[in-house]
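Biologist: I would like to learn how to read packing and pairing in a model such as this one. Could we begin with a pair of helices?

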Amino acid sequence: MSQISKKQKEARAKIDRSRTYPLKDAIEIVKDASYCKFDETVDVAVRLGVDPRHADQMVRGAVVLPNGLGKEVRVLVFAKGEKEKEARDAGADYVGAEDLVAKIQEGWFDFDMAIATPDMMGVVGKIGKLLGPRGLMPNPKVGTVTFDIERSVKECKAGKVEYRVEKAGIVHAPVGKLSFATENLSENILALIEALLKAKPSAAKGTYIRKISLSSTMGPGIGLDVADVSSQLT
């Protein structure tokens, strides 16, 4: 079992694990508890009242964070003809078809998001087993299989985050960098929670948003007051 460093102990000491915190207070504490020299990513974990083993309780989608992710997003587009030009004009980093498939089959994955036109999915399907486990497979449910290439590329570049509930009923998603202003992180978090509420399956019963926690890359998790978060969405 790995030992906890002095800095980790000091960070944990700043958080009362027996309580939950209002959103903006929690963000300030996460910032204050940071001891790393790099700009950590801030992540949110949301426990939902769903059982993802049932198809009618799956929660999956995407949301464009109003203040972005604080990093450059490398976008790859599978397209041909006019759509290839549209992708390049929109700012895609890599555009191609069979040539990109071959490159990926050789082990190249220097991109963060992949988009494809519907007519290219037959080609992209050949590398589904390579893209899928890395969360890079284009999917119409999150808007990355589309003929509206310009819009999709710009959304990805602007800070589009895909989310999918895991087996334990938890959604994990990045919401920005620790260097972001508290207000900007708050807006991003609220945008994610609002998207999850809109994606609530009709089959979900009881309390839907059960628990929300916030953490930085190396920092401890801190529980958010769900009622406080909900009050800011109404």
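Modeller: In this predicted model, the axes of helices H3 and H7 come within 9 Å and cross at roughly 30 degrees; an axis is a line fitted to C-alpha atoms, for helices over the stretch in contact, and angles run from 0 to 180 degrees between N-to-C directions. That makes H3 roughly parallel to H7, since angles under 35 degrees count as roughly parallel, over 145 as roughly antiparallel, 65 to 115 as roughly perpendicular and the rest as oblique. Helices (H or I, at least four residues) and strands (E, at least two) are DSSP runs, numbered from the N terminus.

Biologist: Which hand does the crossing of H3 and H7 have, and which residues of the two helices meet?

Modeller: The crossing in which H3 passes H7 is right-handed; a crossing is right-handed if the near helix is turned clockwise from the far one by less than a right angle, and left-handed if anticlockwise. From H3, Lys83, Glu86, Ala87 and Ala90 meet Ile149, Glu150, Val153 and Lys154 of H7, where contact means heavy atoms within 4.5 Å. By class, four nonpolar, no polar and four charged residues make up the contact of H3 with H7 (nonpolar: Ala, Val, Leu, Ile, Met, Phe, Trp, Tyr, Cys and Pro; charged: Asp, Glu, Lys and Arg; polar: the others, Gly among them).

Biologist: How should I read the spacing of residues along a helix, and which residues of H7 are buried?

Modeller: As a general idea, an α-helix has 3.6 residues a turn, so residues three or four places apart point the same way. In H7 (residues 149–159), the buried residues are Ile149, Ser152, Val153, Cys156 and Gly159, with buried meaning under 20% relative accessible area, exposed over 50% and partly exposed in between (1.4 Å probe, protein chains only). Their packing partners are H3 (82–90) together with strands E2 (60–64), E3 (75–78), E5 (113–116) and E6 (160–164).

Biologist: Two of those strands, E3 and E5, also pair with each other; what order do the strands take in their sheet?

Modeller: Strands of a sheet pair through backbone hydrogen bonds, either parallel or antiparallel. Here three strands form an open sheet in the order E4-E3-E5, with parallel pairing, and two strands pair if DSSP finds at least two bridges between them. E4 (94–96) and E5 are the edge strands, each with a single partner strand, so one side of each has no neighbour in the sheet. From one strand to the next the twist averages 15 degrees. Four bridges link E3 and E5, with Val77 standing opposite Ile115 in E5, while helix H4 (residues 98–105) lies across E3 and E4 and runs at about 125 degrees to E3.

Biologist: What is the pairing in the sheet of four strands, parallel or antiparallel?

Modeller: The open sheet with the order E7-E1-E8-E9 is antiparallel in its pairing. Its edge strands, E7 (170–177) and E9 (222–224), each pair on one side only, and the twist averages 25 degrees from one strand to the next. E1 is joined to E7 by seven bridges, Val46 standing opposite Val171 in E7, and E1 is likewise joined to E8 by seven bridges. E8 (residues 209–216) and E9 pair over three bridges, among them the one between Ile212 and its partner Leu224 in E9. Helix H8 packs on this sheet, touching E1 (41–48), E7 and E8, and its direction makes about 155 degrees with that of E7.

Biologist: At what angle do the axes of H8 and H2 cross?

Modeller: Those of H2 (residues 23–33) and H8 (residues 182–198) come within 10 Å and cross at roughly 120 degrees, and the two helices are therefore oblique to each other. The crossing of H2 and H8 is right-handed, and their contact has five nonpolar, two polar and four charged residues.

Biologist: Which conventions should I keep in mind?

Modeller: Residues are numbered from 1 along each chain as its sequence is written, and side-chain values use heavy atoms, leaving out hydrogens and water. Because this is a predicted model, local features need pLDDT of at least 70 and side-chain atom pairs count only at pLDDT 80 or more, whereas totals for chains, interfaces and linings use all residues.
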